[in-house]
Amino acid sequence: MDTFDYDDIQLIPNKCIIKSRHDADASIQFGPRRFNIPVVPANMESVIDEPLTIWLAQNNYFYVMHRFQPEKRLGFVKDMHAKNLFASISVGIKDAEYTFIDELKGADETPEYITIDVAHGHSDYVINMIKYIKENLPEAFVIAGNVATPEAVRDLENAGADATKVGVGPGKACITKLKTGFGTGGWQLAAVRLCGKAARKPIIADGGIRHNGDIAKSIRFGASMVMVGSLLAGHLESPGNMIKLDGKQYKQYWGSASEVQKGAYRNVEGKQMLVPYRGEIKDTLLEMQEDLQSSISYAGGRDLESIRKVDYVVVKNSIMNGD
């Protein structure tokens, strides 16, 4: 099978039909809502927290709250709904998660989005959780993952998932590929392409995004939404601690399967690192939107759909030559 990753691909321009990139529409319909851009911060404790979810929801950006404080999730859903904001949460597959779904149903609180967040999502246990959520909270938009193959996408969609999350270990803070020998590290964009061809419902490309142009490439190969970790971890609003080294400012960033997250060294498939401090997140999200608008202008269209139609070339890492 042909494999490639983000740095291996260049999209080919088409005739521009808009006067300014600001005439391009970078918004995306994802489930019951429409969002400014097809970008979602990774549901990691070093990337997202409650104050940031409120700001994102208020400003029409998609978010997925992490699952690392499970006892707070019901209160979180209630708080978001009390503010007339949408609720988007993560769950796992342990027995206690079924009790949590029962609690949501008993409280008559249905989150608009529920992400089943499992490192290896092509699993009978994930399929069982999809079915349980759909039986008890049928109005929730269920995202399931993470997966790496067309077969996995089909199985999760057939179980009732409304979207699937594609990517096993390509992220900057993930070392699954080194610890297990498995994953989509080095061929994440090809995995998005394969899964996108099989999908009948939206997919989220999760991991491996190093530059804003990688978002456009994800859209070209089938993604409806792109999950971004390290590029969105270094901001004023990011939960990680600020650290100053040699006169430069950084923020902590760690993987969900890291020793930092687990509190102990067991089954570790993630690491901690420092990412450069980038100021306020609103400026980075605006830059992503403007870059996507430029991508749309190069694609010869007016909206994201035009990016899906462009031709491309495989250049095998040479796009960085000369930099």
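**Buried cysteines, strands and turns in a predicted model**

C195 has 0% relative accessibility and therefore counts as buried. Buried here stands for a relative accessible area under 20%, exposed for over 50%, and partly exposed for what lies in between, with a 1.4 Å probe and protein chains only. The model is predicted, so local features need pLDDT of at least 70 and side-chain atom pairs count only at pLDDT 80 or more, while totals for chains, interfaces and linings use all residues. Residues are numbered from 1 along each chain as its sequence is written, and side-chain values use heavy atoms, with hydrogens and water left out.

A disulfide is a covalent bond between the sulfur atoms of two cysteines. The criterion applied is a pair of cysteine sulfur atoms within 2.5 Å, and by this rule the count of disulfides is zero. C174 is accordingly in no disulfide.

The next region is a set of paired strands. Helices (H or I, at least four residues) and strands (E, at least two) are DSSP runs, numbered from the N terminus. Two strands are said to pair if DSSP finds at least two bridges between them. Strand β11, residues 242–245, pairs with β12 in the antiparallel sense over four bridges; within this pairing, I243 has Y250 in β12 as its bridge partner. The two strands form a hairpin with two residues between them, and D246 in the turn has a positive phi of about 50°.

Strand β12, residues 248–254, also pairs with β13, again antiparallel, over five bridges. Q252 stands opposite L274 in β13, and the bridge partner of K251 is V275.

Helix α10 covers residues 281–299 and holds D283. D283 is partly exposed because its relative accessibility is 41%. Its side chain makes a polar contact of 3.3 Å with the side chain of K282. A polar contact is a pair of N or O atoms within 3.5 Å; within protein, one must be able to donate a hydrogen and the other to accept it, and residues adjacent in sequence count only if both atoms are side-chain atoms. D283 and K248 are 35 residues apart in sequence, and their C-alpha atoms are 20 Å apart in space.

On a 1 Å grid over the protein atoms alone, a pocket is an open set of points with protein on both sides within 12 Å along at least five of seven lines, unlike a cavity, where a 1.4 Å probe fits but cannot get out; lining residues have an atom within 4 Å of a point. Grid points are joined across faces, edges and corners, and a volume is the space filled by probe spheres set on the points. The second largest pocket holds about 360 Å³ of space. Its lining has 16 residues, of which L11, G213, A216, S295 and Y298 lie nearest the centre. Two or more lining residues come from each of β1 (9–11), α8 (213–220) and α10, and α10 gives the largest share, six residues.

Two further helices have buried residues. In α1, residues 50–58, lies T53, which is buried because its relative accessibility is 0%. Beyond its neighbours within four places in sequence, T53 is in contact (heavy atoms within 4.5 Å) with I48, Y63, M65, F76 and M80. In α5, residues 150–159, the buried residues are P150, A152, V153, L156, E157 and A159. They pack against α4 (124–136), β7 (141–147), β8 (163–166) and α7 (188–198). After α5 comes G160, with a positive phi near 125°.

Some backbone angles remain. Most residues other than glycine have a negative phi, and most peptide bonds are trans. N84, in the loop between α2 (73–82) and β5 (88–91), has a positive phi near 65°; N84 is exposed, with a relative accessible area of 72%. D108, in the loop between α3 (95–106) and β6 (113–117), has a positive phi near 55° and is exposed at 66% relative accessibility. A cis peptide bond with omega of about 5° joins G145 and N146, and N146 is in strand β7.
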